[in-house]
Amino acid sequence: MTVPLPSDPSLAAFGASLTAITLAELGDKTFFMALILAARHRARDVFIGSFAALAAVTLISLGLGYGLRELLPQQVMTWLAAALFMGFGFKLLIDARGMGAGEAKDEEKEAEKVVNAAENRRPISSTSAVIWEAFALVFIAELGDRTQFATIFLATAPAFTFAGLLAGTLSGHALVTWLAVSAGKWIGGRTIEQLLYRLSGGLFIAFGGFSLHQALA
């Protein structure tokens, strides 16, 4: 199975990463953290802190993926990218099969528990404190999250440019964070986590097929 991608590597990287990150972040724990914080504090401050944290993790993730590119020959990286995409895609599909109907609600409860624990330690009132709280909570939650793995795996694909991936991932994070702080309650209540996992899984399997086609070419 192959997926048609634009001939321009930057455009292909932008479209692939924007789609992958948007699907991965909707209904994620960091989405609900931004939602909960925005209900208690000024939305602008929560957006700044949350997006800054996601941008920081994105840079770390892209650095890890591109570090692999520097260590291994391009032909090896193409095969490795295909294997990572396929493996990640099938894992997401397997995870989707085991999900219950209330998975998104469980994510929201877990996020609320973390936020409550942080805010119970000390009152949050100033703008800088809100921004820092959002940054710290989202940064920690994003490390090791499926979105971080998705970004690392995208960066291993030789067909994708750094500029395209950076623009796409940051745009995806900005979009979902804005939705979380502005319309998060409405979206969160309608998020079907199982469907998002299936769409993400299918997308990464398609990426794997494209990388496999490149490796065999």
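1. Asp95 is partly exposed at 27% relative accessibility (partly exposed lies between buried, under 20% relative accessible area, and exposed, over 50%, with a 1.4 Å probe and protein chains only). Its partner in a salt bridge is Lys91, with the closest N and O atoms 2.8 Å apart; a salt bridge places a side-chain nitrogen of Lys or Arg within 4 Å of a carboxyl oxygen of Asp or Glu. Lys91 and Asp95 are about one helical turn apart, because they are four residues apart in helix 4 (residues 74–97).

2. The model is predicted: local features need pLDDT of at least 70 and side-chain atom pairs pLDDT 80 or more, while totals for chains, interfaces and linings use all residues. Residues are numbered from 1 along each chain as its sequence is written, and side-chain values use heavy atoms, without hydrogens and water.

3. The structure holds five salt bridges. Asp45 takes part in one with Arg42, at 3.3 Å between the closest N and O atoms, and in one with Arg44, at 3.9 Å. Asp45 is buried, at 3% relative accessibility, whereas Arg42 is partly exposed, at 43%.

4. Leu71, Leu72 and Val76 make a nonpolar surface patch of about 270 Å² (patch residues have over 30% relative accessible area and no salt bridge; like charges are joined within 9 Å, and nonpolar side chains, namely Val, Leu, Ile, Met, Phe, Trp and Tyr, within 5 Å; areas come from the Shrake-Rupley method with a 1.4 Å probe, and for residues only the protein chains shown count as cover). Leu71 is exposed, with a relative accessible area of 68%.

How values were computed
Helices (H or I, at least four residues) and strands (E, at least two) are DSSP runs, numbered from the N terminus.
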